[in-house]
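Please keep the sequence and the model in view while working through the numbered points.

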Amino acid sequence: MIETINLAKQFKDVAAVKGISLTVQKGEIFGLLGENGAGKTTTLRMLATMLMPTSGTARVGGFDIIDDSEKVRANIGVLFGSEVGLYDRLTTRENIAYFGQLNGMDKSSINQSVEMLADAFGLSEYLDRKAGKLSKGNKQKTAFARSVVHNPDYMLFDEPTSGLDVTASKEVHVFIKQCKEDGKTIVLSSHHMDEVEKLCDRVAILHRGEIMDIGTIPELIQKYNCDDLEQVFEKLTKGA
Amino acid sequence: MMTYRNAMIVFKKELKDFFRDKRTIITTIIVPLLMFPLIYSVLGGQISSATEKLSSSITIGVPNSTSDETISLLSNNIFSGTGTTFSLKKVSDFKKAIDDEDIDVGMQLDDAKVFASIKASKPFELNIIYDSNKLVSGNAISVVQSAINRYNTKVADAKLKALGLSEQDIKPAQTNITTIDEYVVSIGGTATSTGDTNPFLAMMLPLLLGVMVPLSTIAAATDMFAGEKERGTLEPLLSTKAGRSSVLLGKYFAVIVLGIISITAYIAGFIIALAMNPSITSSFSSGEATGGILSGLSISLGVGLMVIVLILLLSMTSTAIQVALSTWSKSVKEAGSYMSFMSIAVMIPAYATMMLQPGDVKEYMMLIPLYNVIASMKLALGGIANIKLYAIAIASSLAFLAIILVVVLKMLKKESVLFRN
Ligand SMILES: Nc1ncnc2c1ncn2[C@@H]1O[C@H](COP(=O)(O)OP(=O)(O)O)[C@@H](O)[C@H]1O
Ligand SMILES: [Mg+2]
């Protein structure tokens, strides 16, 4: 389970996240839906222990992100959306395997995991090429594979499909759904309505650092008397 | 134990990553290996040809009007009987002859007076003209002068002898010079100096290493910290199970190993350069220059080991500073400007020790980072076995670099450093 308790982050004069509380159950895909600057990345960074909350806290798998940050890191896999940085001089395989090693995996389970992920993301033929030579899409898929190579129980994906074409996005969606089947707890951020509609069990609509509402998609559509999620989103964020 | 394991993973990855780059191999190994041989084959070639010319022959120009009798008198009485072959050559224009390197120095003289005076051992004047901008001409002056001094001594001795006196009668006080160590040993004590002195290396090595060692790690330190941040791989790296301290240590030691590889290449290049130009060290080594090609490099095993320890310490200290600067930087570019500042700053301690004599080193100097290690190198090569000074230098360097690494670790936990944008 992942839960945030009045989680807030203030950057100098910007209140990026204004005390949000939410709970994500095991085996659930939870979506953070919001426009640019809504606070999605900041929230995920706090969950990943990369940023320290200004107030409030969160627990990931029962471990507090402030007091037990090391244990949190031992249980998560994170895709930092805007940061698709790879080691250009290492091969795709070496890039993914490095993170497996750092997360304490042995050689054979790394190999197994790399092959499985390459298969899932259509990266098999690129495994032994230099990451610097990959296309942008393949780089992003490699970064995705790297974030889950150690098969973590908690997965945090910041805009996992931004910049990917339709086929690649589909591969990522299929993979995320499979993770859910395997009992993983997943939080992802997105500004694509259809992605959230397709994937997420529940969604929080985030606007200027605040949660406007949380619920399953049918619940929200019904509650606001709308036709689809997009209308709900408009209603909640544009004050219409 | 976990820290060690993860640090090793980071260390291995960084070395592998670094050596995938051909440019890196060129700048870390090939350029250092070739630098000294190239410098000395240009510069050293000139020096040694000038030195050779000097020791073999010197041409002195005399006015065209000088009579052959005077010339042969000068040649036989003054410019003879030494290791150098002098030739006296008639010229019409001293300036032109020196410019054309027809002669090394010019000599103006009153032909008739010089002839008569040498015959009679009477006073006379020789006016030597030289070009201070020419190495050969400048050096020739001292050789010409010592030939003249020898003539003067010879004449004086003959005159004293005629009077029934010796040189000691007119220069009664005699001096003998003894070093403090020789004195201490002569009265039955033990010397502080190990006797393992190597003036050439004591002069050159601290200066060269003081500059080269810090320079050798700049590229790697910039790449591994600022580069990692700029490429957007630092955040994923820090979000793994591996702690920040293992990431820091793995990278830090990878930078140091690359620096050591580079320094080894510099030293190998330096030895090759000396092997190519043995005359470079000959002016420093006591006595003949013919004691084997690398005689100028001979040091004892103990001093050699001490120098290696000090090189390591110097590298660890300067790398720690570079890692701190690189971690602080937003981008590789920003790190680059800090590093170029640092590469100028490291010249200060290196040059500050250049004129320092081993005996002048004080305890407080051993507290100054970088400087203390370079000064210790000077001491070791100067044959000084002052354990207390070395201990202060080593302890204060280790303390200094530990403090810096702790600061870097703090930085890696600080959001304002991780996300400076
Ligand atoms: N490191 C930072 N320093 C200062 N302000 C930041 C920083 N990161 C994000 N912000 C600000 O916080 C707000 C939320 O940003 P972010 O969490 O990235 O939103 P999103 O991911 O939803 O687009 C924005 O106004 C952004 O400018
Ligand atoms: Mg974002």
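1. In chain A, strand β4 (residues 55-60) is joined to β5(A) by two bridges, and the two run antiparallel. R59(A) has D64(A) in β5(A) as its bridge partner. Helices (H or I, at least four residues) and strands (E, at least two) are DSSP runs, numbered from the N terminus; two strands pair if DSSP finds at least two bridges between them.

2. The model is predicted: local features need pLDDT of at least 70, side-chain atom pairs count only at pLDDT 80 or more, and totals for chains, interfaces and linings use all residues. Residues are numbered from 1 along each chain as its sequence is written, chains are lettered from A and ligands numbered from 1 in the order in which they are written, and side-chain values use heavy atoms, with hydrogens and water left out.

3. The pair β4 and β5 belongs to an open sheet of four strands in chain A, in the order β2-β1-β4-β5, with antiparallel pairing. At its edges stand β2 (14-24) and β5 (63-64) of chain A, each with a single partner strand, so one side of each has no neighbour in the sheet. Helix α1 (residues 40-47) of chain A packs on this sheet and touches β1 (2-11), β2 and β4 of chain A, where contact means heavy atoms within 4.5 Å. The direction of α1 makes about 120 degrees with that of β1(A); axes are lines fitted to C-alpha atoms, for helices over the stretch in contact, and angles run from 0 to 180 degrees between N-to-C directions.

4. Strand β8(A) has parallel partners: β3(A) pairs with β8(A) over five bridges, and β7(A) also pairs with β8(A) over five bridges. F30(A) stands opposite V187(A), while F157(A) stands opposite L188(A). Six of the six residues of β8(A) are buried, that is, under 20% relative accessible area, with exposed being over 50% and partly exposed in between (1.4 Å probe, protein chains only). In a regular strand, side chains alternate between the two faces of the sheet. Here T185(A), V187(A) and S189(A) point one way, and I186(A), L188(A) and S190(A) the other.

5. Which residues of α6(A) are buried? They are A168(A), S169(A), V172(A), H173(A), F175(A), I176(A) and C179(A). Seen down the axis of α6(A), these residues fall within an arc of 165 degrees (taken from the directions from the helix axis to the C-beta atoms), so they line one face of the helix. The face turned away carries the exposed residues V166(A), T167(A), K170(A), V174(A) and E181(A). Among the elements covering the buried residues of α6(A) are β3 (29-33), β7 (154-158) and β8 (185-190) of chain A. Just after α6(A), G183(A) takes a positive phi of about 90 degrees.

6. The contact between the chains takes 27 residues from chain A and 26 residues from chain B. The area buried between them is about 2,700 Å², of which carbon and sulfur atoms give 55%; buried area is the accessible area (1.4 Å probe) that two parts lose on being put together, summed over both. In chain A, Y87(A), R89(A) and L102(A) lose the most area to chain B, together 28% of what that side buries.

7. Chain B has 19 helices and four strands, and 45% of its 421 residues count as buried.
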